[in-house]
Protein chains: 2
Amino acid sequence: METSEFESPIRIAVVDDHPLLRDGIIAVFATQPDLELIAVGEDGEAAIRIYREKRPDILLLDLQMPNVDGVEAMTRILSEFPEARILVLTTYSGDGRATQAIKAGASGYLLKNSLRTELLDAIRSIHRGGTHFDRQVFGAADREAKRLTARESDVLELAAAGNSNKQIAARLSLSEDTVKGYMKAIFARLGAMDRTHAVAIAVRNGLIEL
Amino acid sequence: METSEFESPIRIAVVDDHPLLRDGIIAVFATQPDLELIAVGEDGEAAIRIYREKRPDILLLDLQMPNVDGVEAMTRILSEFPEARILVLTTYSGDGRATQAIKAGASGYLLKNSLRTELLDAIRSIHRGGTHFDRQVFGAADREAKRLTARESDVLELAAAGNSNKQIAARLSLSEDTVKGYMKAIFARLGAMDRTHAVAIAVRNGLIEL
DNA sequence: GGGAAAGCCCCCCGAAAGAGGGGATTGCAG
DNA sequence: CTGCAATCCCCTCTTTCGGGGGGCTTTCCC
């Protein structure tokens with residue numbers, strides 16, 4: 001605690017669509033003299049705008065948000081500012097987007113049900129140039145190589161909406177056999193017994209939108 | 001702000017499994033002299049224990065929690081203390097449990113993405129003997145009279161886990177025809193095209209656990 | 001250049017699902 | 001007492017699913 005107190009504080013921006021959670025995070029920062037909250041936003045667009053305008057040292061970013069979602073915002077920010085340090089906050093440990101986020105270049109990944117101290121550790125370690133990945137997420141991320149290709153998600157989302165293979169084929173201008181082929185691939189990937197199970201797994205892992 | 005400041009404060013307990021969100025709520029209360037946080041917990045069991053021991057004026061309760069879930073905890077508390085005033089906090093507006101919670105006797109219903117002021121309004125209005133139901137939830141609650149009977153949820157959950165009708169029948173000690181009968185009832189209730197669609201709808205409405 | 005992975009397409013066939021009917025019993029509320 | 005909702009059971013028929021094979025390009029990476 002007695003390091004050089006006169007270093008400039010770590011400038012942090014928080015983007016999350018839950019006001020109460022933001023308040024929680026803000027309250028945590030308020031007790032830390034070396035952390036300065038410089039901006040707050042509630043969607044992906046705000047994240048991008050804030051990054052461009054303020055260049056925070058660390059951006060705390062939720063993945064589930066309206067409008068532009070977290071992964072999208074992150075990808076865009078990182079393509080513009082490759083040096084950006086982003087700490088992803090998420091609700092679910094099994095979230096398939098965890099893998100996406102990590103691949104997209106997040107500096108850290110934290111569950112929303114983390115403790116205050118974990119949040120602070122994560123921020124300081126990232127600011128020192130390190131990374132911080134929650135064990136649960138990490139485990140979940142590689143335990144399940146569960147992700148779907150673009151086409152597979154299309155197919156599965158349509159199935160979740162109550163379409164038969166034939167209807168999916170019509171909707172996507174494919175042959176029914178092709179759709180069946182994707183279904184087989186989906187089952188294999190997710191370890192599902194049937195389409196119903198596949199939808200359940202995909203939802204649990206944040207792989208498709210309902 | 002200049003009402004009788006010497007009334008005894010409103011004693012509040014918060015039960016939610018997200019530490020950071022709890023911190024947010026706690027931080028909000030800390031700024032309000034007429035509100036006193038007397039207990040904090042992170043699951044349904046804790047909610048029941050806290051209610052028995054401390055009898056808070058208002059219990060702030062999350063619906064999605066490990067172990068004993070929110071609706072369950074609420075039902076038990078209200079059967080023991082019918083005068084209990086419980087404000088339900090939830091993440092999703094389309095949550096089917098909203099209806100359950102309201103029927104079970106919640107005094108209020110608030111989305112987690114509410115503003116600080118809404119939280120305070122809700123607490124004060126409930127403490128005065130009123131109720132507070134978020135419009136979004138309210139709308140969602142009666143728009144969809146979507147709920148399932150106990151047996152129907154059992155069947156659908158097993159279907160979501162990848163079981164065939166035959167397997168479900170075996171698991172529940174029913175005939176396959178009976179399971180098919182439940183399936184038909186489920187489709188009719190939820191307006192689903194098939195089991196896959198039914199699972200998607202049920203999940204979106206918080207009707208089944210994955 | 002070789003291989004892997006995604007994206008497409010085709011076959012057969014048995015098992016499962018879903019639509020359509022028909023019942024029965026409880027138990028609770030009006 | 002009557003109606004209704006929930007729980008349970010049975011039948012037939014057609015469609016769909018999912019497993020098992022087999023292909024073909026293109027793209028991207030080593």
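Which residue forms a salt bridge with Glu42(B)? The partner is Arg22(B), with the closest N and O atoms 3.2 Å apart. A salt bridge here is a side-chain nitrogen of Lys or Arg within 4 Å of a carboxyl oxygen of Asp or Glu. This pair links distant parts of the chain, 20 residues apart: Glu42(B) sits in the loop between strand 2 (35-41) and helix 2 (44-54) of chain B, and Arg22(B) in helix 1 (residues 19-30) of chain B. Helices (H or I, at least four residues) and strands (E, at least two) are DSSP runs, numbered from the N terminus.

Before going on, please note that this is a predicted model, where local features need pLDDT of at least 70, side-chain atom pairs count only at pLDDT 80 or more, and totals for chains, interfaces and linings use all residues. Residues are numbered from 1 along each chain as its sequence is written, and side-chain values use heavy atoms, leaving out hydrogens and water.

Now turn to chain A. Glu42(A) forms a salt bridge with Arg22(A), and their closest N and O atoms are 3.3 Å apart. Glu42(A) lies in the loop between strand 2 and helix 2 of chain A and Arg22(A) in helix 1, so the pair ties together parts that are 20 residues apart in sequence. Arg22(A) is buried at 10% relative accessibility, while Glu42(A) is partly exposed at 43% (buried means under 20% relative accessible area, exposed over 50%, partly exposed in between, with a 1.4 Å probe and protein chains only).

What about a contact between chains? Asp23(A) and Arg116(B) meet in a salt bridge at 2.9 Å, N to O. Asp23(A) lies in helix 1 of chain A and Arg116(B) in helix 5 (residues 116-127) of chain B, so this pair joins two chains.

Terms used: Chains lettered and ligands numbered in written order.
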